[in-house]
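Biologist: I would like to learn how to read a structure like this one. Could we go through it feature by feature?

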Amino acid sequence: MIQRIQSIYLLVVTILTIVCMCSPVGSIIANTNEISEFGNLFITIPDGTKDYAPWALFVILLVVAILSFGTIFLFKKRILQIRLTIFNSVMLIGYYLALVAYIFMLAEDTSFTPSWTIC
């Protein structure tokens, strides 16, 4: 299974994607100094309720994690492994584009402070 260096890289991608799924993306600070925590699955509003508006971000990261883990086992089909890795890269670019879209849609009159997990 872990026979080539790209398999190790794909395992690292899987682990980092799972960490990114579980970590907050940032904070949304309203004009009234109320802070909402922005995650990949939900937004925690200051009163404790959760808004599941950004669920698509979680789904994108889940697909990337599953696909990158499954790609590890395709070490005998190198061309397919390369194509799936390129598809994963395109999915991650789509994740960041969707994240920017959610930030602009949900944080209209507020400011957004990113977390370290955005990188």
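Biologist: Within what distance do the axes of H1 and helix H3 come, and at what angle do they cross?

Modeller: Two packed helices are described by the angle between their axes and the distance between the axes. Here the model is a predicted one. The axes of H1 and H3 (residues 78–106) come within 13 Å and cross at roughly 25°. That angle makes H1 roughly parallel to H3, because angles under 35 degrees count as roughly parallel. The crossing of H1 past H3 is left-handed.

Biologist: Which residues of H1 and H3 meet?

Modeller: On the H1 side they are Gln6, Ser7, Leu10 and Cys20, and on the H3 side Arg78, Gln81, Thr85 and Tyr95. By type, the residues of this contact of H1 with H3 are three nonpolar, four polar and one charged.

Biologist: At what angle does H1 pack with H2, and how far apart are their axes?

Modeller: Helix H1 (residues 5–22) and helix H2 (residues 55–72) pack at an angle of about 160°, and their axes are 9 Å apart. H1 is therefore roughly antiparallel to H2. The crossing of H1 and H2 is left-handed.

Biologist: Which residues of H1 meet H2, and which do they meet there?

Modeller: From H1 the residues are Ser7, Leu10, Leu11, Val13, Thr14, Thr17, Ile18, Cys20 and Met21. From H2 they are Phe58, Leu61, Leu62, Val64, Ala65, Ser68, Phe69, Thr71 and Ile72. The contact of H1 with H2 is made by 13 nonpolar and five polar residues, with no charged ones.

Biologist: Now the strands. In what order do they lie in the sheet?

Modeller: A general point before the case: in a regular strand the side chains alternate between the two faces of the sheet. In this model five strands form an open sheet in the order S4-S3-S2-S1-S5, with antiparallel pairing. Strand S4 (50–51) and strand S5 (111–114) are the edge strands, and each pairs on one side only.

Biologist: How many bridges join S1 to S2, and what lies between these strands?

Modeller: Strand S1 (residues 24–29) and strand S2 (residues 35–39) run antiparallel and are joined by five bridges. Gly26 has Phe38 in S2 as its bridge partner. S1 and S2 form a hairpin with five residues between them, and in the turn Asn33 has a positive phi of about 65°.

Biologist: What about the pairings that involve the edge strands?

Modeller: S1 pairs with S5 in the antiparallel sense over four bridges, and Ser27 stands opposite Thr113 in S5. Thr44 has Lys50 in S4 as its bridge partner.

Biologist: How many helices and strands does the protein chain have, and in what sequence do the elements run?

Modeller: It has three helices and five strands. Read from the N terminus on, the elements run α-β-β-β-β-α-α-β. Along the principal axes, the C-alpha atoms of the chain fill a box of roughly 55 × 20 × 20 Å.

Biologist: Where is the confidence of the prediction lowest, and where is it highest?

Modeller: Confidence is lowest in S5, with a mean of 82, and highest in H2, at 94. For the protein chain the mean pLDDT is 87, and 94% of the residues reach 70 or more.

Note on methods:
Residues numbered from 1 in each chain as written. Predicted model: local features only at pLDDT ≥ 70, side-chain atom pairs only at ≥ 80, totals over all residues. Heavy atoms only, no water. Axes fitted to C-alpha atoms, helices over the stretch in contact; angles between N-to-C directions. Helix = DSSP H or I, 4+ residues; strand = E, 2+ residues; numbered from the N terminus. Parallel < 35°, antiparallel > 145°, perpendicular 65-115°, else oblique. Left-handed = near helix turned anticlockwise from the far one by under 90°. Contact = heavy atoms within 4.5 Å. Nonpolar A, V, L, I, M, F, W, Y, C, P; charged D, E, K, R; others polar. Pairing = 2+ DSSP bridges. pLDDT = per-residue confidence, 0-100.
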